[in-house]
Amino acid sequence: MATLSLAVLAGCAPSSSSSYVGTWTSDRPAGTELQLKDGGDLSGNDGCNAMSGQWTESKGTITFSKLAVTTKACPDVDPWLSKAASARSDGDTLNVYDSAGTQVGVLDKK
């Protein structure tokens, strides 16, 4: 039974075969970057604040969880990436959505 549970859980974890693994960037604002790593860890920067957390992939959508974001005040910087709850890829473009399902930004595969 434990083997079956591990196999099911392993199917949910992102793997190196995932097209999402890699670095995604935007110049709005400058310095916006999201790194999705094998195994489900993520790190990034919203142009002002650093972030880290986890991601999972299911049915073509990724979901972000356990996001930790620094809280520096950065006038004139839209911290849209720190609002990320999910994303979907359209080739080399990653459309990022908040928890309400509203698109908050776009990243390009580096």
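Two strands are taken to pair where DSSP finds at least two bridges between them. In this predicted model, strands paired in an antiparallel manner form a closed barrel of 8 strands, which runs in the order 1-2-3-4-5-6-7-8. Within this sheet, neighbouring strands are turned against each other by 30° on average when direction is ignored. The pairing of strand 7 (residues 93–97) with strand 8 (residues 103–109) is antiparallel and rests on 5 bridges, and Asn95 is placed opposite Val106 of strand 8.

The structure contains 1 aromatic pair. The ring centres of Tyr20 and Trp55 are separated by 6.3 Å and the ring planes meet at 70°, an angle over the 60 degrees required, so the pair is classed as edge-to-face. Distant parts of the chain are linked by this pair, since Tyr20 belongs to the loop between helix 1 (2–12) and strand 1 (22–26), whereas Trp55 belongs to strand 4 (residues 50–58), the two being 35 residues apart. Tyr20 and Trp55 are both buried.

The side chain of Ser43 is joined to that of Lys37 by a polar contact of 3.3 Å. When neighbours within four places in sequence are left aside, the residues in contact with Ser43 are Glu33, Leu34, Gln35, Lys37, Met51 and Ser52.

How values were computed: Residues are numbered from 1 along each chain as its sequence is written. This is a predicted model: local features need pLDDT of at least 70, side-chain atom pairs count only at pLDDT 80 or more; totals for chains, interfaces and linings use all residues. Side-chain values use heavy atoms; hydrogens and water are left out. Rings of Phe, Tyr and Trp (its six-membered ring) pair if their centres lie within 6.5 Å; planes under 30 degrees apart count as stacked, over 60 as edge-to-face and the rest as tilted. Helices (H or I, at least four residues) and strands (E, at least two) are DSSP runs, numbered from the N terminus. Buried means under 20% relative accessible area, exposed over 50%, partly exposed in between (1.4 Å probe, protein chains only). A polar contact is a pair of N or O atoms within 3.5 Å; within protein, one must be able to donate a hydrogen and the other to accept it, and residues adjacent in sequence count only if both atoms are side-chain atoms. Contact means heavy atoms within 4.5 Å. Axes are lines fitted to C-alpha atoms, for helices over the stretch in contact, and angles run from 0 to 180 degrees between N-to-C directions.
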